[in-house]
Amino acid sequence: MKSSFLRTTACAAITAGALFGFSDRALSVTTSYWDVAGRQAILEGNAENVTVGPLGSLGLSPMLVQVGDIGEYYVWSFAKDRRGNLYVGTGDQGRIYKIDSSGQSSLFFDTVELDVVSLAVDKDGNVFAGTSPDGMIYKIAPSGEGKPFTDTPESYIWSMVFDDRGDLYAGTGEKGRVYKFDRSGNAEIVYDSQETNILGLVWDDENDRLILGGDGNGLLIALDRDGKAQVIYDSPRDEVGAVFLAPDGAIYFSSAGDRDSKDPDTKGKKDKKNALLYRVDPGGAVELFWASDAEFIFSVAMRENGNLLVGTGSPGTLVELNPDGEATIWKELAESQLLKFHAWAGDFVFGTGNQGHVYRVGPDRASEGEYTSETMDAANVARWGNLRWWGETEGSSDVVFETRSGNTEEPDDTWSDWQKIRDEDRGGKVQSPAARFLQWKARLVGDDESGPQVERVRVAYKEHNLAPKVHSVTVSGADETYYEGPSDQRPETLHQVLADGTRVEYYPGRYRNGGPSEADDLWTNSIRTARWEATDANGDLLLFDVYCRGAGENSWLLLDEDIDLPYFSWDSRKLTDGEYRLRIVAKDQPHNPEGTALTAERIGEPFTVDNTPPVIDGLSASRDGDRIRVKAGAEDRTSPLRRAAYSFDAQTWRAVEPIDAIFDSWEEEFAFEAPETGSMKSSVLFFRVSDEAGNVARGKVSIR
């Protein structure tokens, strides 16, 4: 039985080659599709007056209208009086603006501080303004005349709220204290916390308590009228900023910062810096309600329908959350932060930072919005097919698509102009010219009663076919031989049957019992294996043709064709001895119609075919006492000699060197003395010599 270790090499090639010619994307020379669906994909684009729903659907956003002319850098705080006037605390000039019910703004009061970070209005219409960096509280009459109400030893008056008795509470920093002030301005420290700053204050009428959020330890705390504190929740971050009490008694609060997590599952690890929003139900149970993509959640409010409005920072984003915590992105603002919400004029206003503006969230919906997709890279120049979209249109609502294309990653003036798609039942042919990159935009049109929804967009495209490339060609050396040996020296195999029925066998890199280092009988030294590396930019499956040509010849001999793996083994005895080259031709025809398929080729380095053993001449052996003197010559016509050995009476073989002590020539001379061992004299000397290709010549001579 012959045990073919030839397959050890071949199967290694199968391991690499069985999936050869495929890529992670679809085969490009067939029709491919660019799908934009789902929230993450949609958020890669840019929306203007367009919302992004929990599942990634696009719709028209509520109308956002800038109110008043503030012209400051930050809008920190809001308050309103019984007449419907809205007061706006700003920075970095420490001014307070008044916006009347018609939306007209005017400067109401100018403090000597840098920032008005909190506002509150009493039942008489007096405006109280908490400031920084000197921690002063101003009291301003409805007429606009004001003066310091109190000068605290604190640096920041972060938050203020009146209780049901008319007492004013203030959360401060940088010592984390809560003050209570009577109508005369007399102050009492009702809580000296372990926090650095008290950022949020809410009065809870139902439970007769103050709810506050701290920065430093990230605690949500309840404080009764006697100043007794109870921790509601120890958050995993170092800051509880926004605190909101819902009509049903639930508390929503944000958690942000960079503290080590207190979660036992992640203890010792740094939390991600995205801000978290928690909900405390009336019974005290706490749940993570929503995880933001932004670094901070600055403010929370609730709409009449029970949905939350959330304002974030870096980036400044307006988000709506349904009762299940599913987010709809209303708008990503040009400003960096959405700092504060306040109920006003039947809905809400919000203030921003970097730059400071006031926007009203109108009850009406925008009549028109636009969404622009991210840029799609087809990897190569492509022709565009149809654009199709899925969604709904009601009443007079409509969706109009346009596309543009170009060959730069970022659209510039070298790109084509936007071209409309002629709508043919939710889509139509893309008119943009062939290019590597494509972008689409959708214009959504609606009215007060109806608006469109876009849930998914698909663009068909097909790459121009590119020729494959053959990067390298190698041929196994003539000394990479395969040996006859016992079957238990074969390594154990693993195998896999692919979907197309191909059986792939995998061999370990080392033999189980170790392979033979040398054998008497070489049986497959004529087998040669060629390997090559080839790629196709389109990801096409490749077939290969293998040609051979001898030195000095003009025509190529076809050895095999339509090989689907990047290796080929053949018996070189089909060729005469001499020097040859291989030519590998790669073809992408399996996935390209006739007339469009392309080829590439590479010619390998020369290799030698030598299947003829050397010739031994002049072999003689004579006895001189207990030693045998041996002389011989050997010659090979194609490759240099590599080793020689002798044996007495076909017993143990012993290696010998040529006269010049180095195997470096096609012709070598041997002269050596061999000690005779044993009690019986030998009668025959056997001599063998092998060339670089492993061909063996044998001779014998009687010992004289």
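Analyst: A residue is buried when its relative accessible area is under 20%, exposed when it is over 50%, and partly exposed in between (1.4 Å probe, protein chains only). The model is predicted: local features need pLDDT of at least 70, side-chain atom pairs count only at pLDDT 80 or more, and totals for chains, interfaces and linings use all residues. Residues are numbered from 1 along each chain as its sequence is written, and side-chain values use heavy atoms, without hydrogens or water.

User: What percentage of the residues in the protein chain is buried?
Analyst: The protein chain has two helices and 56 strands, taken as DSSP runs (helices H or I, at least four residues; strands E, at least two) numbered from the N terminus. Contact means heavy atoms within 4.5 Å. Among contacts with a separation of 6 or more, 56% join residues 24 or more positions apart. Of the 704 residues in the chain, the buried share is 49%.

User: Why does A467 count as partly exposed?
Analyst: A467 sits in the loop between β39 (453-463) and β40 (469-475). A467 counts as partly exposed because its relative accessibility is 35%.

User: Which residues does A467 contact, leaving aside its neighbours within four places in sequence?
Analyst: T599 is 132 residues from A467 along the chain, yet their C-alpha atoms are separated by 5.8 Å. With neighbours within four places in sequence left out, the contacts of A467 are D536, L598 and T599.

User: Which residues of the largest nonpolar core touch the most other members?
Analyst: A nonpolar core is a set of buried Ala, Val, Leu, Ile, Met, Phe, Trp, Tyr and Cys residues joined through side-chain atoms within 4.5 Å. The largest one has 46 residues, and those touching the most other members are Y252, L277, W290, L308, L321, F401 and W440.

User: Which residues is L321 in contact with, leaving aside its neighbours within four places in sequence?
Analyst: L321 is one of the core residues that touch the most other members, as are L277, W290 and L308. The contacts of L321, apart from neighbours within four places in sequence, are L277, F289, W290, N307, L308, V310, E326 and A327.

User: Which element supplies the largest share of the lining of the second largest pocket?
Analyst: On a 1 Å grid over the protein atoms alone, a pocket is an open set of points with protein on both sides within 12 Å along at least five of seven lines, a cavity is a set where a 1.4 Å probe fits but cannot get out, and lining residues have an atom within 4 Å of a point. The second largest pocket is lined by 25 residues, and L43, D293, T317, I329 and E332 lie nearest its centre. Elements supplying at least two lining residues each include α2 (39-42), β2 (46-48), β25 (286-291) and β28 (317-321). The largest share, five residues, comes from β29.

User: How much space lies in the second largest cavity?
Analyst: The structure holds two cavities of 30 Å³ or more, where a volume is the space filled by probe spheres set on grid points joined across faces, edges and corners. The second largest cavity is lined by Y169, V190, W203, L223, D224, R225 and G227. Its space comes to about 30 Å³.

User: What is the omega of the peptide bond that joins N354 and Q355?
Analyst: Q355 lies in strand β31 (residues 347-356). The bond from G91 to D92 is also cis, with omega near 15°, and D92 is in the loop between β7 (86-91) and β8 (95-99). The bond joining N354 and Q355 is cis, with omega at about 5°.

User: How far is H357 from T90 in space, C-alpha to C-alpha?
Analyst: H357 is found in the loop between β31 and β32 (358-365), and H357 is partly exposed because its relative accessible area is 22%. Leaving aside neighbours within four places in sequence, its contacts include Q66, V75 and E335. H357 and T90 are 267 residues apart in sequence, and their C-alpha distance is 9.6 Å.

User: What is the phi of A379?
Analyst: A379 lies in strand β34 and counts as partly exposed, at 32% relative accessibility. S314, in the loop between β27 (308-313) and β28, has a positive phi near 55° and is not a glycine. A379 is not a glycine either, and its phi is positive, at about 80°.
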